[in-house]
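Subject: Handing over a structure

Hi,

Here is the structure I promised to pass on. Have a look at it first, and then read my notes below.

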Amino acid sequence: MFALLAFAALFAVPVWVIAVVVKVVVLRGRRPDWRVGLLRRGADMAAAAGVILLVMALGALEMSDHESPSGTNSSPAPACRDAAPHLVERLVGHRASYLPPSFDCVLEDGTTYLCSGGYVWLNGLVVTCAAVSALLASTSGQQSLKGESRAVECDQ
């Protein structure tokens, strides 16, 4: 399921980016509070990017997990074989973790290793997008409060 959502997100992202850029460039400056709207759109976009990256990581994890339980040449997991060909003889299984997404290969002595560094990068990008979204949202909240206080001062 996550793999299908990841493909849908992959195709939706360019369309959404173009729509936001057109809205920012064409409609910029038409309203007095356009800066606050820009910060809010940026926060929304960063949050959506984080969700899309998380869905893509979950889709990749689901595909790696789906390859391993059955079929010809499925054991040990293909992702584990490709990550460390020299450890294939010592592999006894794998573990899939959905939060945070990771696919760990288990050796016979109980130690694990990551099958791919891609999950580390995707997890880092998800956290970065969440932090940027929170920062932009708090900044837009502060800007809107400043705008309201200026409006009150002008009314008096």
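Let me begin with a term: patches are made of residues with over 30% relative accessible area and no salt bridge, where like charges are joined within 9 Å and nonpolar side chains (Val, Leu, Ile, Met, Phe, Trp, Tyr) within 5 Å. Accessible areas come from the Shrake-Rupley method with a 1.4 Å probe, and for residues only the protein chains shown count as cover. A salt bridge is a side-chain nitrogen of Lys or Arg within 4 Å of a carboxyl oxygen of Asp or Glu.

Please keep in mind that this is a predicted model, in which local features need pLDDT of at least 70 and side-chain atom pairs count only at pLDDT 80 or more, while totals for chains, interfaces and linings use all residues. Residues are numbered from 1 along each chain as its sequence is written, and side-chain values use heavy atoms, with hydrogens and water left out.

Now to the helices and strands, which are DSSP runs numbered from the N terminus (helices H or I, at least four residues; strands E, at least two). V17, I18, V21, V22, V25 and V26 make a nonpolar surface patch of about 510 Å². I18 belongs to helix α1, residues 2-27, and counts as exposed because its relative accessibility is 55%. (Exposed means over 50% relative accessible area, buried under 20%, and partly exposed in between, with a 1.4 Å probe and protein chains only.) Helix α2, residues 34-67, holds M56, which is partly exposed at 27% relative accessibility. The C-alpha atoms of M56 and L122 are 8.4 Å apart, although 66 residues separate the two along the chain.

Next comes the sheet. Three strands form an open sheet in the order β1-β2-β3, with antiparallel pairing; two strands pair if DSSP finds at least two bridges between them. β1 and β3 (112-114) are at the edges with a single partner strand each, so one side of each has no neighbour in the sheet. Seven bridges link β1 and β2, and three join β2 to β3. C105 has H94 as a bridge partner, and in β3 its partner is Y113.

What happens at the turns? A hairpin of two residues joins β1 to β2, and the peptide bond from L99 to P100 is cis, with omega near -10°. P100 sits in the loop between β1 (91-98) and β2 (101-107). The hairpin of β2 and β3 has four residues between the strands, and G110 there takes a positive phi near 95°.

β2 is well worth a look: seven of its seven residues are buried. On one side these are P101, F103, C105 and L107, and on the other S102, D104 and V106.

Finally, how many salt bridges does a search of the whole structure find? It finds one: the side chains of D109 and R90 meet at 3.4 Å, N to O. This pair links distant parts of the chain, with D109 in the loop between β2 and β3 and R90 in the loop between α3 and β1, 19 residues apart.

Enjoy exploring!

Best wishes
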